[in-house]
Amino acid sequence: MDLANEDRRLLCEQFPRASTYHPDWVVESVSGGANALWLTEWLTAGLDLKPGMRVLDLGCGRAASSIFMRREFGIQVWATDLWFGASENAQRIRDAGVEDGVFPIHADARSLPFAAEFFDAIVSIDSFVYYGTDDLYLNYIAQFVKPGGLLAIAGAGLMKEMGDAVPRHLREWWTHELGCLHSATWWRRHWERTGILKVEVANSMPEGWRRWLDWHQVVAPGNAVEIKALEADRGKNLGYVRVVGRRQPDAKLSDLNMSMPVQYTREPLLRSGPDQRALTGGANSPSKRRAATRRTKPQSGRHAAS
Ligand SMILES: C[S@@+](CC[C@H](N)C(=O)[O-])C[C@H]1O[C@@H](n2cnc3c(N)ncnc32)[C@H](O)[C@@H]1O
């Protein structure tokens, strides 16, 4: 290659595997968040993914992370997303030559079409904050990973919890939904207190805020507000976090989808008083309506015989 004309966008020593992918392909796959390949390389570094493993890529966006994991580790990936369609992702997967091992699925993370304990690992890149902060969600998602399997997430987050006041230098950029961003310590507690997972990794990316800025300068150089916020913050609050937990074989998951018997038995609403009418004689009660009909029935004349 002519080194003088080499496209150096997105080349990064921190991410040697991701740096081999063409910057045009990476930029075309942008799904509104971070550089999916950088985060996936960082997250998967300690996962020990082996060929043939079944992995759910939850909230995969345009499936760049799914294609990357298939190519780099030989695993089978169920590329699952809500905002991006399975047909578009199928084309990208086919063009990348990995349709034998990446399966595009359109589904909501809260209503997944998979069998219990189907996956060896669940990976989620810059997506888990959209649903995973719900206190009950871990109990739901954990059913899809085998006991002893992994749940691993990476994405934009905080270096420490902020409290109620957003720092002055972030206020122009901040919007209320960014309240879903949390620190690695927050995630550790959120998962470990359930007893469902044992957290093996919970930390932030070294120089993560710089990578966030580098990426932004390539894909959204016109977004001056976010760039200004990152430059002013210099990693004090903003960066990337990752958390890896292992499903504990002895942890019992609760069945939150219990169906109750459908049977209605009519009972008085109140103990006593005029509101007993609700059941025993209110103007609209069935018995009162029947009585009223009888009283107003004509007793003579044209309708006498009716
Ligand atoms: C910021 S994008 C990141 C996409 C991709 N993982 C990446 O890193 O480029 C967030 C993704 O989360 C997905 N997402 C949000 N809520 C979801 C839900 N309830 N179920 C499934 N996916 C969801 C969106 O469809 C979107 O693609």
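Predicted model: local features only at pLDDT ≥ 70, side-chain atom pairs only at ≥ 80, totals over all residues.
A residue is buried if 20 or more other C-beta atoms lie within 10 Å of its own.

**L150, a residue in a strand**

- You'll find L150 in strand β5, which covers residues 145–158.
- L150 has 24 C-beta neighbours inside 10 Å, so it counts as buried.
- Setting aside neighbours within four places in sequence, L150 is in contact with L47, A121, V145, V244 and R246.
- Take L47 from that list: it sits 103 residues away from L150 along the chain, yet the C-alpha atoms of the two are separated by 8.1 Å.

**Around the ligand**

- There are 21 residues around the ligand, and the ones that come nearest are G33, G59, G61, W83 and A109.
- Sorted by class, this shell has 10 nonpolar residues, seven polar ones and four charged ones.

**Helices α2 and α3**

- Helix α2 runs over residues 36–44 and helix α3 over residues 64–73; they pack at an angle of about 45°, with 9 Å between their axes.
- That angle is why α2 and α3 are described as oblique to each other.
- If you're looking at the handedness, the crossing of α2 and α3 is right-handed.
- On the α2 side, the contact is made by A36, L37, T40 and T44, while α3 brings in A64, S65, F68 and M69.
- By class, the contact of α2 with α3 has five nonpolar and three polar residues, and no charged ones.

**Helices α7 and α8**

- The crossing of α7 and α8 is left-handed.
- W209, W212, L213 and H216 make the contact from α7, and they meet E226, I227, L230, E231 and D233 of α8.

How values were computed:
Residues numbered from 1 in each chain as written. Near = placed C-beta within 6 Å. Nonpolar A, V, L, I, M, F, W, Y, C, P; charged D, E, K, R; others polar. Left-handed = near helix turned anticlockwise from the far one by under 90°. Helix = DSSP H or I, 4+ residues; strand = E, 2+ residues; numbered from the N terminus. Contact = placed C-beta atoms within 7 Å. Buried ≥ 20, exposed ≤ 12 C-beta atoms within 10 Å, placed from the backbone. Axes fitted to C-alpha atoms, helices over the stretch in contact; angles between N-to-C directions. Parallel < 35°, antiparallel > 145°, perpendicular 65-115°, else oblique.
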